[in-house]
Amino acid sequence: MRILSIPLIVATLLVGCSEDPRPKPPDSGVPQGDSGVDSGVPPEDSGVPDDDAGVPDDDAGVPDDDAGTPEEPLPTGPPVPQGPANVPEFDPAFPGQTRVPAIQSRTEITVTEIASGFRNPWAIAFLPDQRMLVTEKPTGSLYIVTPEGAKSPAVTGLPAVDGRGQGGLLDVEVGPDYAESGLIYWTYAEPRTGGNGLAVARARLVDGAQPRVENVQVIFQMMPTLESTLHSGGRLVFTPDGKLFVTLGERSILAGRVQAQDVRSHFGKVVRINPDGSVPDDNPYLNTPDAKPEIWSIGHRNILSAALDSQNRLWTVEMGPQGGDELNRPEAGKDYGWPTIGYGEEYSGAPIHESPRREGMEQPVYYWDPVISPSGMTIYTGNLFPEWRNNVFIGGLSARALVRLRMHNDRAVGEEHLLKDRNERIREVVQGPDGALYLLTDATNGKLLKVTPR
């Protein structure tokens with residue numbers, strides 16, 4: 001049996017976060033310089049391509065007979081080639097939790113480059129007229145891009161970002177009442193006294209030759225403040241009932257990691273808020289003393305992928321360490337185990353977990369060891385690709401692929417890695433109004449791509 005590393009045990013006894021306007025949990029960790037975590041940033045989790053270093057659903061909402069075609073049998077055979085597991089002594093909790101059979105799409109695809117020249121772009125959101133909002137992570141720039149690829153000047157009026165490491169300008173979403181309000185929402189690494197933290201802002205988008213935002217409101221701030229350039233999370237998902245999910249990382253360094261299961265901290269959580277930042281009256285920790293009332297679920301590492309299925313259930317994929325990327329369906333008030341349980345190890349090879357399972361902690365629906373480094377996610381509902389309907393698509397950074405999971409009865413039953421021949425880090429994947437998939441590549445010359453049937 002693997003033994004927990006001494007730095008992780010010691011870290012739970014130390015304190016290292018800066019003063020914040022809200023109460024913060026005790027025992028919040030250690031100073032960054034003494035984190036006990038492998039030095040440097042793992043390439044697949046860095047948000048920066050390797051060659052750009054140094055540059056600033058159960059069934060996913062699918063009816064049982066709709067996982068592919070009604071007559072199609074479940075896949076069999078070997079998994080997608082991926083190399084040996086980092087932690088082979090950790091067996092899956094149930095059959096099909098990892099390394100399901102490889103599958104291949106019957107539909108041939110065409111990949112069209114719509115635009116390029118984005119510096120490490122992060123997210124896409126569609127305006128009602130099918131133009132796209134595209135964020136640039138390190139620069140904090142937001143652009144409006146036409147379906148033909150014409151790019152506006154950078155939108156003015158956004159607040160400053162801390163663009164180091166995995167920070168910067170992250171996700172963007174168009175408000176559900178955009179037609180009336182003109183509101184857009186975005187996440188970003190907010191520079192603060194004593195460090196930084198993820199924030200969610202909204203503002204009215206004013207279109208024109210020089211687009212701008214006005215009446216900016218910060219509606220959520222991750223607390224406590226911590227000096228880290230890692231693991232901010234940052235995906236936004238609106239629900240049909242008008243709520244907003246925000247995914248949060250645990251800041252990677254041990255000062256943050258040890259707070260992932262602490263309800264007095266936002267680190268390592270999924271939170272759920274109203275569009276104005278207020279707290280829904282049915283949130284699970286609303287009446288828990290000292291808990292952050294925005295919290296929906298706990299025990300996450302760094303969630304960069306999130307989407308709703310056809311039943312309006314939230315699904316996420318979170319970054320594992322060396323091994324252990326996880327597909328989860330976060331439910332209210334549940335604990336997803338990080339850092340107590342998991343299927344990976346430190347980048348140094350040191351153990352993190354004594355076991356991948358513990359009573360009272362949720363198992364992932366699916367996990368990858370070695371990792372794909374997930375970022376961006378959609379659950380396909382369009383008509384252009386009937387065989388893909390209700391499949392899960394995930395951008396793979398270290399996998400350099402668009403990862404497709406075929407789902408059946410809330411389990412993955414087949415896996416495909418698309419676009420491997422392009423050898424590009426896929427940062428974002430969204431379904432467009434036309435049923436095509438739209439992707440962003442993570443590079444200093446990032447591209448906006450469109451995937452259609454050939």
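**Entry 1: charges over rings.** I started with Arg301, which lies over the face of Trp338, 5.5 Å from the ring centre. I kept in mind that this is a predicted model. Next I looked up Lys151 and found it over the face of Phe118, at 4.4 Å from the ring centre.

**Entry 2: aromatic pairs.** How many aromatic pairs does a search of the whole structure find? I noted 11. I looked at Phe118 again, and here its partner is Tyr143: the two form an edge-to-face pair, 6.2 Å centre to centre with 65° between the planes. Phe118 belongs to strand E1 (residues 109–118) and Tyr143 to strand E4 (residues 141–145), so this pair ties together parts that are 25 residues apart in sequence. Are these two buried or exposed? I found both Phe118 and Tyr143 buried.

Entry 3: I then turned to Tyr380 and Phe385, another edge-to-face pair, with 6.0 Å between centres and 75° between the planes. Tyr380 has a relative accessible area of 0%, and Phe385 is also listed at 0%. Since buried means under 20%, I count Tyr380 as buried and Phe385 as buried too. I wrote down one aromatic cluster made of Tyr380, Phe385, Trp388 and Phe393.

**Entry 4: nonpolar cores.** The largest nonpolar core holds 48 residues, and Leu133, Trp186, Leu205, Leu244 and Val246 have the most contacts inside it. Which strand gives the most to this core? I found that strand E7 (residues 195–206) does, with six residues. Apart from this core I noted another, of 19 residues, including Val100, Trp315, Ile372 and Ala399.

**Entry 5: Val246.** Leaving out residues up to four places away in sequence, I listed what Val246 touches: Leu198, Val200, Arg235, Leu236, Lys269, Val270, Val271 and Ile273.

How values were computed. Residues are numbered from 1 along each chain as its sequence is written. This is a predicted model: local features need pLDDT of at least 70, side-chain atom pairs count only at pLDDT 80 or more; totals for chains, interfaces and linings use all residues. Side-chain values use heavy atoms; hydrogens and water are left out. A nonpolar core is a set of buried Ala, Val, Leu, Ile, Met, Phe, Trp, Tyr and Cys residues joined through side-chain atoms within 4.5 Å. Buried means under 20% relative accessible area, exposed over 50%, partly exposed in between (1.4 Å probe, protein chains only). Helices (H or I, at least four residues) and strands (E, at least two) are DSSP runs, numbered from the N terminus. Contact means heavy atoms within 4.5 Å. Rings of Phe, Tyr and Trp (its six-membered ring) pair if their centres lie within 6.5 Å; planes under 30 degrees apart count as stacked, over 60 as edge-to-face and the rest as tilted. A charge sits over a ring if NZ of Lys or CZ of Arg is within 6 Å of the ring centre and within 35 degrees of the ring normal.
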